[in-house]
Amino acid sequence: MGRFGSVWRRTEDFIAVADRKQTVSEAVRGGGGIVLTPRVGSGGGRMGEQPYKRKLIEVALPLEDINREAAREKSIRHGHPSTLHLWWARRPLAAARAVLFAQLVDDPSAHPDQFPTAEAQQAERERLFDIIRDLVKWENSNDERVLAKARAEIWKSCDGNPPPILDPFAGGGTIPLEAQRLGLEAHASDLNPVAVLINKALIEIPPKWAGMPPVFPGAAESKLGGWPGATGLAEDVRRYGQWMRDEAEKRIGHLYPKAKLPDGSEATVIAWIWARTVKCPNPACGIMMPLVRSWWLGKKKGKEAYVVPSVVNGRVEFSIGHDVRQAPTKEKDGTVRRTGAVCIGCSTSVPLAFIRDEGKAGRIGTQLMAIAAEGVRRRHYIAPYGDHAAMADVPMPSGVPDTDLPKQGLGFRVQAYGMKRHYQLFTKRQLLVLNLFSELVVEMREKVLRDFEEIETSNAFSNSSYASGEEYAKSLAVYGAFLVSRLADRSASLVPWDPGPTKETPSHVFTRQAISMLWDFAETNPLGTSAGNFSDGAVLVANAIHRLPAGPLAYASQENATNRQYSGLVVTTDPPYYDNVGYADLSDFFYVWLRRPLASVMPQLFGTLLTPKVDELIADPSRHGDDAAAAEWFERGFQSVFAQIGRQSLPNFPACVYYAFKQSENGADGEASTGWEKLLEGMLQAGWSVTGTWPVRTEWGNRMRSFESNALASSVVLACRRKSSAATAIDRNGLVSALRAELPVALRELQQGNVAPVDLAQAAIGPGMAVFSRYQRVAEQDGSTMSVRTALALINRVLADVLSEQEGDFDLDTRWCLKWFEARGFDEGPSGEAETLARAMNTSLAGLERARVARARAGKTVLVAPDELSDRYEPDRDDRASVWEAALHLSRRLEEQGVDSAATLMAKLDGRVDLDAVKELAYLLYSICERRKWSQTALRFNSLVTSWPDLVATKDRAWGATNAQGTFDFEGTL
């Protein structure tokens with residue numbers, strides 16, 4: 001199996017021995033392991049007639065290394081391309097880099113003349129894995145030594161002529177950017193103009209100005225040694241961004257006054273915190289009652305702060321409280337609940353229906369609650385005073401984005417409260433400042449042109465075929481517009497204040513993939529120095545540009561994936577998933593601000609008032625009448641795209657498709673994933689077969705969303721080829737036999753690859769579909785062709801059986817605990833039943849009590865729950881250690897004390913129990929908890945598996961130190 005974490009995918013290379021009638025080749029034992037001879041057709045070309053070279057992604061990947069770096073990347077902000085501009089559901093750069101490399105590089109088995117034995121092929125794979133391990137590290141993103149190694153392997157496998165790479169659903173640009181970083185010709189297309197602009201800013205514009213010094217007066221002389229890559233462009237974005245900020249302060253700085261502190265000094269305001277208000281419907285009260293989700297301002301220990309409301313002469317006033325004893329409790333925090341609000345004046349309960357009606361009538365107001373100001377290692381919170389509230393009440397500026405929000409749209413909740421046009425998402429002061437910065441982008445473009453003309457072309461720009469001041473000014477205008485667009489995300493009346501002990505800052509609109517109603521909000525200071533200010537946005541954008549590869553030339557275009565051309569291209573893509581994200585409607589929030597300064601610069605891209613909706617590939621019922629019609633629209637378009645790709649794209653390379661959508665239904669054959677069904681159905685009907693599947697980690701390591709969530713923590717990457725013309729038919733029984741023969745191997749590979757338990761069922765669909773899709777047809781008992789839905793249900797059924805069969809790896813005590821847990825969880829049951837089960841498992845209830853895994857009292861038996869385990873457990877003193885006990889102790893230690901402490905325990909358990917069996921048990925326990933809806937217990941076991949690589953690495957580092965030093969205090973060192 002090679003180095004731990006390297007997963008070997010063999011399902012394309014052999015057919016189960018159980019399926020003898022359909023087998024045209026079979027596995028034979030030889031050398032140091034299993035040598036698998038390829039099936040007829042597995043080495044075929046476009047239709048199986050001409051041999052193709054299998055690529056690494058179709059055989060093996062160092063999955064654990066890729067997943068570790070992909071997860072770590074989520075915490076990186078400085079210089080990350082995602083900081084250029086917000087886009088939803090981005091994929092990690094590390095995963096995209098690794099997939100592209102493995103998609104183009106030959107697997108050693110494609111060269112039997114060079115690597116004739118299994119051992120030689122494995123050694124060569126490990127060499128390629130080492131390249132990937134270096135390649136996926138964030139620190140090596142621009143390391144030319146690492147990149148040169150990767151490019152050399154790609155060029156060698158492609159005979160010196162690597163193919164162009166296309167992502168037809170480019171979105172945030174991860175895939176084309178990483179293709180460009182690997183030296184490939186990158187093509188990005190998307191129907192959404194905001195996505196196209198992001199891709200232009202990432203891959204198309206920087207190479208035009210690679211190596212050029214900045215134009216801003218005096219900037220070129222500020223650095224010795226030249227301006228490699230896009231660093232000159234980045235410096236100009238930083239400088240001209242600061243110029244825009246300074247110009248804005250000259251014109252409207254008086255609208256953002258400083259705050260006066262109790263000692264008489266002044267401090268820069270971070271944000272003004274407002275509450276929405278409605279008139280209390282109680283005639284005896286009638287105050288403008290505040291609608292507030294939380295009174296808390298700051299929760300840092302010893303510096304707590306909160307808003308204290310009071311009613312004075314029929315008007316609500318606010319002060320600031322600091323006494324923890326008087327702080328808001330969970331039950332009394334804020335005034336708005338799920339079903340309505342409570343008036344602080346008369347305690348009248350006000351239903352949300354009333355508030356919605358007031359909003360639609362334009363009668364929801366705002367009132368300033370508090371001012372947050374900068375301090376030395378703390379925040380100052382000041383009650384409203386003076387003209388701070390009046391400063392925000394500016395006249396409505398002209399030319400605001402008076403465009404419609406969708407009447408109904410995925411992820412939209414504000415229309416019910418009277419917000420029906422884009423300008424209504426902002427306060428008047430916010431509209432004023434966004435208008436001004438939009439105008440300053442145009443002024444900046446004119447200034448760039450003047451500054452450019454003052455530089456002697458022969459000195460600074462003689463090496464560029466785009467040596468045009470007009471062209472460069474337009475390029476900078478794109479990034480200037482991004483600064484405005486980013487500011488809009490921080491400067492809307494939908495920005496929450498985060499009082500958390502490590503935060504105490506304004507957040508931004510898109511904390512989720514939605515525009516939801518917010519009762520109290522933070523109006524950030526765009527001219528300040530804290531979170532959400534304009535200058536910081538310029539620095540973040542400049543830092544992102546600074547790290548871009550800036551070459552070779554790449555291409556981003558606005559095209560519809562269903563009818564664009566794919567000829568001469570290799571496709572890697574992360575397509576949309578039904579109704580998961582309403583990209584077009586959400587991105588209009590940015591489009592209306594980007595269009596203002598860029599409509600004359602890119603008239604074709606910004607020729608419409610809002611982003612295109614009619615052809616968007618999304619299952620939105622509001623556009624198609626109902627859920628069924630929306631799903632049909634999406635599925636038909638999806639199938640059309642993959643049929644087009646199959647007909648036109650280059651045949652010598654697999655296509656790669658990221659998929660992360662979870663949508664399940666129960667049918668007669670069991671549970672099936674309809675999201676997978678339609679994707680695979682479209683691909684199979686277009687003549688594709690699955691040749692490799694990889695669950696790539698794309699979320700935080702310990703994160704688990706609700707069971708009903710449609711979003712997974714892992715993306716399954718499918719490698720697909722055109723189905724061989726030599727593919728044969730099989731019947732239902734033959735398919736089941738093949739699945740039962742091959743899924744156990746695939747399941748262990750997924751577990752060793754550390755796919756999270758929450759994603760296991762979804763990830764296992766890939767190997768199952770690799771078996772199903774290799775056949776030209778699977779016949780049902782009545783002679784009809786098996787549907788993809790039926791195949792998916794069969795795969796899920798076999799998967800459940802395989803998980804249960806792993807019980808054979810467990811000791812007798814663990815097998816009893818597992819059966820009891822599956823029936824009763826940690827609830828008690830009759831001791832008679834417990835004893836009967838114990839005899840069946842060849843153990844005893846008394847022995848289980850001695851092992852401290854169960855407790856029998858007064859005719860009742862119960863499993864010892866994790867919270868009841870001893871904190872002083874020492875495996876070397878346990879004469880009846882079991883896999884069950886080890887799993888519970890490890891999960892509890894990890895949850896309560898962290899990785900280091902759990903790794904200490906793991907080291908002590910090593911040798912006492914089979915650690916691989918402990919991990920298998922965690923998968924099985926999660927599966928049981930998911931079926932029984934025991935979410936908290938499921939989370940415990942999911943976290944244990946996702947943290948497993950860190951536990952092993954920490955344990956191994958400690959033992960390495962032991963071996964090097966001779967003696968070692970393991971507990972103290974960890």
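Buried means under 20% relative accessible area, exposed means over 50%, and partly exposed lies in between (1.4 Å probe, protein chains only). The model is predicted: local features need pLDDT of at least 70, side-chain atom pairs count only at pLDDT 80 or more, and totals for chains, interfaces and linings use all residues. Residues are numbered from 1 along each chain as its sequence is written, and side-chain values use heavy atoms, leaving out hydrogens and water.

**View 1. Glu849 and Arg857 form a salt bridge.** A salt bridge here is a side-chain nitrogen of Lys or Arg within 4 Å of a carboxyl oxygen of Asp or Glu. In this pair the closest N and O atoms are 3.2 Å apart. Arg857 is exposed, with a relative accessible area of 54%. Glu849 is partly exposed, at 30%. The structure holds 55 salt bridges.

**View 2. A salt bridge joins Arg740 and Asp801.** The N to O distance is 3.2 Å. Arg740 lies in helix H18 (residues 732-752) and Asp801 in helix H20 (residues 788-805), so the bridge ties together parts 61 residues apart in sequence. Helices (H or I, at least four residues) and strands (E, at least two) are DSSP runs, numbered from the N terminus. Arg740 has 39% relative accessibility and counts as partly exposed. Asp801 is also partly exposed, at 29%.

**View 3. Arg940 meets Glu895 in a salt bridge.** Their closest N and O atoms are 3.0 Å apart. The pair links distant parts of the chain: Arg940 sits in helix H27 (residues 935-946) and Glu895 in helix H24 (residues 883-897), 45 residues apart. Glu895 is exposed, at 53%. Elsewhere, salt bridges that share partners join Asp65, Arg68, Glu126, Asp130 and Arg133 into one network.

**View 4. Gln103 is a buried residue of helix H2.** Helix H2 spans residues 93-104 and includes Gln103. The relative accessible area of Gln103 is 0%. Its side chain makes a polar contact with the side chain of Thr572, at 2.4 Å. A polar contact is a pair of N or O atoms within 3.5 Å; within protein, one must be able to donate a hydrogen and the other to accept it, and residues adjacent in sequence count only if both atoms are side-chain atoms. Contact in general means heavy atoms within 4.5 Å. Leaving aside neighbours within four places in sequence, Gln103 touches Lys55, Ile57, Val570, Val571, Thr572, Phe653, Pro654, Ala655 and Cys656.

**View 5. The largest nonpolar core has 293 residues.** Such a core is a set of buried Ala, Val, Leu, Ile, Met, Phe, Trp, Tyr and Cys residues joined through side-chain atoms within 4.5 Å. Which residues have the most contacts inside it? They are Phe437, Tyr479, Ile545, Phe589, Met769 and Trp816. Helix H12 (residues 469-490) gives the largest share, twelve residues. Phe437 touches Met244, Arg245, Ala248, Val484, Leu487, Leu527 and Phe534, not counting residues up to four places away in sequence.

**View 6. Three strands form an open sheet in the order S30-S32-S31.** The pairing is antiparallel. Two strands pair if DSSP finds at least two bridges between them. The edge strands are S30 (829-830) and S31 (854-857), each pairing on one side only. Four bridges join S31 to S32 (residues 860-863). Arg855 has Val862 in S32 as its bridge partner. Helix H21 (residues 812-824) packs on the sheet and touches S30, S31 and S32. The direction of H21 makes about 100 degrees with that of S32. Axes are lines fitted to C-alpha atoms, for helices over the stretch in contact, and angles run from 0 to 180 degrees between N-to-C directions.

**View 7. Strand S20 (residues 520-524) is mostly covered.** Five of its five residues are buried. Asp520, Ala522 and Thr524 point one way, and Phe521 and Glu523 the other. In a regular strand the side chains alternate between the two faces of the sheet. Strand S9 (residues 269-279) runs antiparallel to S20, joined by five bridges. Trp272 has Glu523 in S20 as its bridge partner.

**View 8. Helix H25 (residues 899-909) is mostly covered.** Eight of its eleven residues are buried. Among them are Ser901, Thr904 and Met906. Just after H25, Gly911 takes a positive phi of about 100 degrees.
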